[in-house]
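This report looks at the overall build of a protein chain and then at a few points along its backbone. Please keep the sequence and the structure at hand while reading.

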Amino acid sequence: PVPTISWRKVNGHNPSKARLRKSQAVLEIPNVQLEDAGMYECKAENSRGRNVFRGQLQVYTYPHWVEKLNDTQLDSGDQLRWECKATGKPRPTYRWLKNGVPLWAQSRIEMVNGVLTIHSVNLSDAGMYQCLAENKYGTIYASAELKILASAPTFPLNQLRKTIIVTKGQEVVIECKPQASPKPTITWKKGDKALRESKR
């Protein structure tokens, strides 16, 4: 006699969107997602007995960004850390470009699992960077610009106070806030003599 047919996902539940057609002989899963992957079992039985067939459904996906790059400004001497993160099956691998040219690991430059680190950046590191995430189904790109700030110390006019009047015995605070990149070292003098720290 004509058998009755049933389907099940081994070690899981049939996707809720799954449909059965042609007297349950055909299992359809629309808009397949990664979680639909797994072993499926088709069972056919009638009064004479039953038979079972199992098939593995593997789902592969184009890379998709989870985390992209952002344009960044750094002081000369700072550390850059950019992370690219993408999903996909097979798991994507990453490559980096600078101004369209492949970037290679060097003494200051590290590239590990989608993370680019540049130690002690300088003006030569400025430019447009691209991260490529790729598997055998495709490649996606993320871009960002790195700007390096480098300027000699300057004192904006609104920070200058030529004279400070204070009552004897009171505390006085004199601020030194130059604009500079990288962060400057600061020394103090009273007249021509270097000022040293004391209890006061």
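## Overall build and backbone details

In this predicted model, residues 24 or more positions apart account for 54% of the contacts in the protein chain with a separation of 6 or more. The secondary structure of the chain consists of 19 strands and 0 helices. With a radius of gyration of 33 Å, well over the 16 Å that the globule rule gives for 200 residues, the chain is more spread out than a compact globule, and its C-alpha trace spans about 110 × 45 × 30 Å along the principal axes. The domain assignment gives domain 1 (4-57) and domain 2 (62-151), whose C-alpha centres lie 44 Å apart.

Of the 200 residues in the protein chain, 25% are buried, while carbon and sulfur atoms contribute 50% of an accessible surface of about 15,200 Å². The chain carries 31 positive and 18 negative side chains, and the centres of these two sets are 3 Å apart.

Turning to the backbone, the peptide bond from Lys89 to Pro90 is cis, with omega near 0°, and Pro90 sits in the loop between strand 9 (85-89) and strand 10 (93-98). Two residues other than glycine with positive phi values are set out below.

Conventions
Residues numbered from 1 in each chain as written. Predicted model: local features only at pLDDT ≥ 70, side-chain atom pairs only at ≥ 80, totals over all residues. Heavy atoms only, no water. Helix = DSSP H or I, 4+ residues; strand = E, 2+ residues; numbered from the N terminus. Rg over C-alpha atoms; globule rule 2.2 N^0.38 Å. Buried < 20%, exposed > 50% of the residue type's maximum accessible area, 1.4 Å probe, protein only. Contact = heavy atoms within 4.5 Å. Areas by Shrake-Rupley, 256 points an atom, 1.4 Å probe, with all protein chains shown as cover. Lys, Arg positive; Asp, Glu negative; His and termini not counted. Charge placed at Lys NZ, Arg CZ, Asp CG, Glu CD. Domains from an automatic or database assignment.
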